[in-house]
Amino acid sequence: APIVVLASGTGTLLAAILRRSQDPASSFQIAAVVVDRDCGAVQIARDAGVPVVTCALADHPDRAAWDRDLAAQVSSFAPQWIVTAGFMKILGPAMLAGFAQRIVNSHPALLPAFPGAHGVADALAYGVKVTGCTVHLVDDGVDTGPILAQGTVEVYPDDTVDSLHERIKTLERDLLPDVVEAVVTRGVVTDGRKAHLK
Ligand code: GRF
């Protein structure tokens, strides 16, 4: 099944999804990577021969136009699922209408705790002893969609944001591809605001 991955960062999560897609046992392939800026994910996609599309907010008159263009670009690859892997933009109504309940995101904290763009730093600053990552369906809120899977890591006293985030990413590199394979092959049951992998 074709999927499209949205990324904005170093692309280590994209690399993990890519690796899994290249496993003969996997049920999905990456039809394209869409980025909103030049970032590490671009070279990772190119090296793997995956088409890369850039859809930058700055190249559009306003956010609504960017959202519509992004939805059109993603649709052109006819994906069954969308994965946001470190995509640092809030998806707009065109994307959410176009791919309702078919967008999977990984957030580096145990939602509903510490949503938003600084979840790792917020958890560290709060002094939690355990944090982790949450793989969830994207809805119209910020990191508020139905939760599909979570993983936990311990927080060490000498942790920095980078050391803690790297430990969380190690978890995500296994969990996110596992969830993608599961939603592609078995699908998701949603029950109100809750979701379960079949
Ligand atoms: C991941 O920790 C993800 O949870 C967060 O952004 C990070 C992406 O890392 N949304 P990378 O750009 O794939 O290395």
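Hi everyone, let me start with a definition: rings of Phe, Tyr and Trp (its six-membered ring) pair if their centres lie within 6.5 Å, and planes under 30 degrees apart count as stacked, over 60 as edge-to-face and the rest as tilted. This is a predicted model, where local features need pLDDT of at least 70, side-chain atom pairs count only at pLDDT 80 or more, and totals for chains, interfaces and linings use all residues. Residues are numbered from 1 along each chain as its sequence is written, and side-chain values use heavy atoms, with hydrogens and water left out.

So, how many aromatic pairs does the structure hold? There are two. In one of them, the ring centres of W66 and F87 are 6.4 Å apart with planes at 10°, so this pair is stacked. W66 sits in helix α3 (residues 63-75) and F87 in the loop between β4 (81-84) and α4 (93-98), so the pair links parts of the chain 21 residues apart; helices (H or I, at least four residues) and strands (E, at least two) are DSSP runs, numbered from the N terminus. Both W66 and F87 are buried, meaning under 20% relative accessible area with a 1.4 Å probe, protein chains only.

Now, F87 turns up again at the largest pocket. Of the 35 residues lining this pocket, those closest to its centre are G86, F87, M88, S106 and P108. A pocket is an open set of points on a 1 Å grid over the protein atoms alone where a 1.4 Å probe fits, with protein on both sides within 12 Å along at least five of seven lines; lining residues have an atom within 4 Å of a point. Helix α6 gives the most to this lining, with four residues.

How values were computed
Buried means under 20% relative accessible area, exposed over 50%, partly exposed in between (1.4 Å probe, protein chains only).
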